[in-house]
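Thanks for coming. I have one structure to go through today, and I will keep it short.

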Amino acid sequence: MYDLTAFQRDILYVIAGQSDPHGLAIKDELEEYYENEINHGRLYPNLDDVVDKGLVEKGEADKRTNYYTITARGQRELEARRELENQYVGELLSSTE
């Protein structure tokens with residue numbers, strides 16, 4: 001996951017948190033998080049990048065709509081990221097609850 005941008009990591013989180021979302025559903029979630037419009041020229045090349053890296057699979061729902069699914073590798077990368085986060089900020093964040 002070290003070679004992903006923060007935006008690509010956020011794409012992985014969104015895909016992992018939904019059931020086979022399509023591009024516009026991913027876009028909507030990211031826009032809510034970033035509180036900004038995400039244009040297609042930013043979203044789809046980054047989706048293609050995470051697909052090319054084997055972290056996400058892209059399927060065809062119909063002729064106009066693709067859906068995205070996290071792969072086993074993508075899930076392992078998310079788990080490794082979570083471990084890294086817990087190592088450095090886990091105690092800090094759990095003490096604020």
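What you see is a predicted model. The protein chain has four helices and two strands, and along the sequence they come in the pattern α-α-α-β-β-α. The C-alpha trace spans about 50 × 30 × 25 Å along its principal axes.

Some totals for the chain. There are 97 residues, and 31% of them count as buried. The chain exposes about 6,700 Å², with carbon and sulfur atoms supplying 45% of that area. If you take the contacts between residues at least 6 apart in sequence, 46% of them join residues at least 24 apart.

Now to α1. How many of the 11 residues of α1 are buried? Eight are, so the helix is largely enclosed by the rest of the structure. The buried ones are F7, Q8, R9, D10, I11, L12, V14 and I15. As for what does the covering, it includes α2, α3 at 40-52, β1 at 56-60, β2 at 66-70 and α4 at 72-94.

Of those partners, I will look at α2. Two packed helices are described by the angle between their axes and the distance between the axes. Here, α1 covers residues 6-16 and α2 covers residues 23-34; the angle is about 120 degrees and the axes are 10 Å apart. That angle makes α1 oblique to α2. To be roughly perpendicular, the angle would have to fall within 65 to 115 degrees. The crossing of α1 past α2 is right-handed.

Which residues make this contact? From α1 they are A6, F7, D10, I11, V14 and I15, and from α2 they are I26, E29, L30, Y33 and Y34. By type, that contact has nine nonpolar residues, two charged and no polar ones.

Last, the backbone in two loops. D20 lies in the loop between α1 and α2, and its phi is near 50 degrees, which is positive although the residue is not glycine. D20 has a relative accessible area of 39%, so it is partly exposed.

E35 sits in the loop between α2 and α3. Its phi is also positive, near 55 degrees, again in a residue other than glycine. Is E35 buried or exposed? Its relative accessibility is 70%, so E35 counts as exposed.

That is the end of my part.

Conventions: Residues are numbered from 1 along each chain as its sequence is written. This is a predicted model: local features need pLDDT of at least 70, side-chain atom pairs count only at pLDDT 80 or more; totals for chains, interfaces and linings use all residues. Side-chain values use heavy atoms; hydrogens and water are left out. Axes are lines fitted to C-alpha atoms, for helices over the stretch in contact, and angles run from 0 to 180 degrees between N-to-C directions. Angles under 35 degrees count as roughly parallel, over 145 as roughly antiparallel, 65 to 115 as roughly perpendicular and the rest as oblique. A crossing is left-handed if the near helix is turned anticlockwise from the far one by less than a right angle, and right-handed if clockwise. Contact means heavy atoms within 4.5 Å. Ala, Val, Leu, Ile, Met, Phe, Trp, Tyr, Cys and Pro count as nonpolar, Asp, Glu, Lys and Arg as charged, and the others, Gly among them, as polar. Buried means under 20% relative accessible area, exposed over 50%, partly exposed in between (1.4 Å probe, protein chains only). Accessible areas come from the Shrake-Rupley method with a 1.4 Å probe; for residues, only the protein chains shown count as cover.
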